[in-house]
Amino acid sequence: MEITDRYSATGRPAPDPKTMCKGDCEGMGFYPTRNKKEWPKGAKPDEIGYVFVRCKPCNGTGRRDKKGMVPDIGGDVKKLRKAIGGK
Ligand SMILES: [Zn+2]
């Protein structure tokens with residue numbers, strides 16, 4: 001699996017640096033780990049030993065704001081900027 005191109009690999013757009021999670025997921029909401037302590041119960045690793053786990057800081061959203069999530073504002077850029085504390 002090619003980690004460096006995982007945005008296009010999963011069909012998700014690359015995250016906006018202004019709103020992307022600063023946790024281990026790098027804006028994906030999930031991240032691969034080989035640490036068995038982080039795996040959910042019953043997780044089966046892929047052929048190279050990784051399991052994708054939900055990112056705790058963003059709770060799987062890949063985004064952040066004051067509450068750790070950006071609310072769904074239907075693509076309104078002004079509302080989005082306000083929501084994330086910008087101008
Ligand atoms: Zn995250």
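Lys36 counts as exposed because 10 C-beta neighbours fall inside 10 Å. The cut-offs are these: a residue is buried if 20 or more other C-beta atoms lie within 10 Å of its own, exposed if 12 or fewer, and partly exposed in between, with C-beta atoms placed from the backbone. This is a predicted model: local features need pLDDT of at least 70, side-chain atom pairs count only at pLDDT 80 or more, and totals for chains, interfaces and linings use all residues. Residues are numbered from 1 along each chain as its sequence is written.

Lys36 sits in the loop between strand 1 and strand 2. Its C-alpha atom is separated by 8.5 Å from that of Val51, 15 residues apart along the chain. Glu38 lies in the loop between strand 1 (30-33) and strand 2 (51-54). Glu38 is partly exposed, because 14 other C-beta atoms lie within 10 Å. Leaving aside residues up to four places away in sequence, Glu38 touches Thr33 and Val53. Contact here means that the C-beta atoms of two residues, placed from the backbone, lie within 7 Å. Between the C-alpha atoms of Glu38 and Arg54, 16 residues apart along the chain, the separation is 9.2 Å.

Now the whole chain. The protein chain has two helices and two strands. Along the sequence they follow the pattern α-β-β-α. Helices (H or I, at least four residues) and strands (E, at least two) are DSSP runs, numbered from the N terminus.

Two further loops deserve a look. Glu26 is in the loop between helix 1 (6-9) and strand 1. Its phi is near 55°, a positive value in a residue other than glycine. Glu26 counts as partly exposed because it has 17 C-beta neighbours inside 10 Å. Asn59 belongs to the loop between strand 2 and helix 2 (77-83). Asn59 also has a phi near 55°, positive in a residue other than glycine. With 15 other C-beta atoms within 10 Å, Asn59 is therefore partly exposed.

What about the interior? Of the 87 residues in the protein chain, buried residues make up 16%. The largest nonpolar core has seven residues: Met20, Cys21, Cys25, Met28, Tyr31, Cys55 and Cys58. A nonpolar core is a set of buried Ala, Val, Leu, Ile, Met, Phe, Trp, Tyr and Cys residues joined through C-beta atoms within 7 Å. In soluble globular proteins, nonpolar side chains tend to be buried together.

Take Cys21, one of the core residues. Not counting residues up to four places away in sequence, Cys21 touches Gly27, Cys55, Pro57, Cys58, Gly62, Arg63 and Arg64. Across the protein chain, residues 24 or more positions apart account for 45% of the contacts with a separation of 6 or more.
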